[in-house]
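Trainee: I'd like to learn how to read a protein model one feature at a time. Can you take me through one?

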Amino acid sequence: MRTTAMAGHLIRRLHQFSTQVFLEKTRAAGFDLTSVQFAALDALRAHPGIDQARLSTLIAYDRATIGGVVDRLERKGLVSREISARDRRAREVRLTDEGRAVVAAMTPVVEALQDDIVANLSASERASFLAMARKALGPDLAE
């Protein structure tokens with residue numbers, strides 16, 4: 001079987017392309033965040049005060065390395081962390097005012113670049129692709 005006929009190979013290539021487009025478009029707009037960092041900020045916008053374990057689940061990121069992502073966001077002044085009053089072992093994460101401003105400013109850029117990622121697909125193909133990708137990922141994302 002040729003690798004170009006393998007789902008895993010094509011998904012990896014699409015992920016590489018997606019990452020490249022994300023970085024090019026967001027940097028051109030003056031932002032210096034990775035797609036994982038943006039996903040974390042966006043999740044914190046929707047779920048303020050969650051702990052790092054919940055954040056890693058929401059963005060489907062490794063629990064062992066989410067701390068490094070949050071560390072970098074904290075150094076950039078975009079999030080703050082504090083020990084949870086409910087569970088002293090957990091650290092709650094929240095957007096700072098600057099973090100909220102960055103998410104608000106970046107969101108239109110990130111939304112617009114989605115079309116660039118699937119530019120070779122027609123509108124109906126894009127809708128089908130997204131539906132199939134959600135279905136392939138399982139019931140949590142299927143619509």
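Trainee: Where is His9 placed?

Mentor: His9 is in helix H1. Helices (H or I, at least four residues) and strands (E, at least two) are DSSP runs, numbered from the N terminus. Before we go on, this is a predicted model, where local features need pLDDT of at least 70, side-chain atom pairs count only at pLDDT 80 or more, and totals for chains, interfaces and linings use all residues. Residues are numbered from 1 along each chain as its sequence is written, and side-chain values use heavy atoms, with hydrogens and water left out.

Trainee: Is His9 buried or exposed?

Mentor: Buried means under 20% relative accessible area, exposed over 50%, and partly exposed in between (1.4 Å probe, protein chains only). His9 has 17% relative accessibility, so it counts as buried.

Trainee: And what does His9 touch?

Mentor: Contact means heavy atoms within 4.5 Å. Not counting residues up to four places away in sequence, His9 touches Thr3 and Thr4. As for Phe38, 29 residues apart from His9 along the chain, the C-alpha atoms of the two are separated by 25 Å.

Trainee: Which residues of H4 are buried?

Mentor: Start with the general idea: an α-helix has 3.6 residues a turn, so residues three or four places apart point the same way. In H4, the buried ones are Ile66, Gly67, Val69, Val70 and Leu73. They sit on the same side of H4 because they cover an arc of only 160° around the axis (the arc is that of the directions from the helix axis to the C-beta atoms). The cover over the buried residues of H4 includes H2, H3, strand E2 (79–83) and E3. Just after H4, Gly77 takes a positive phi of about 80°.

Trainee: Which residues touch the most other members of the largest nonpolar core?

Mentor: A nonpolar core is a set of buried Ala, Val, Leu, Ile, Met, Phe, Trp, Tyr and Cys residues joined through side-chain atoms within 4.5 Å. The largest one here has 27 residues, and Leu41, Leu55, Leu73, Val79 and Met106 touch the most other members. Two or more residues each come from helix H1 (7–28), helix H2 (35–46), helix H4 (66–75), strand E3 (91–95) and helix H5 (97–117). H5 gives the largest share, 6 residues. Beyond four places in sequence, the residues that Val79 touches include Leu41, Val70, Leu73 and Val93.

Trainee: Which residues lie nearest the centre of the largest pocket?

Mentor: On a 1 Å grid over the protein atoms alone, a pocket is an open set of points where a 1.4 Å probe fits, with protein on both sides within 12 Å along at least five of seven lines; lining residues have an atom within 4 Å of a point. Here 35 residues line the largest pocket, and His15, Ser18, Gln114, Leu130 and Leu137 lie nearest its centre. H1 gives the most to this lining, with 8 residues.

Trainee: How does the whole chain look?

Mentor: The chain has 6 helices and 3 strands, running α-α-β-α-α-β-β-α-α from the N terminus on. Of its 143 residues, 28% count as buried. Along its principal axes, the C-alpha trace spans about 50 × 35 × 25 Å.
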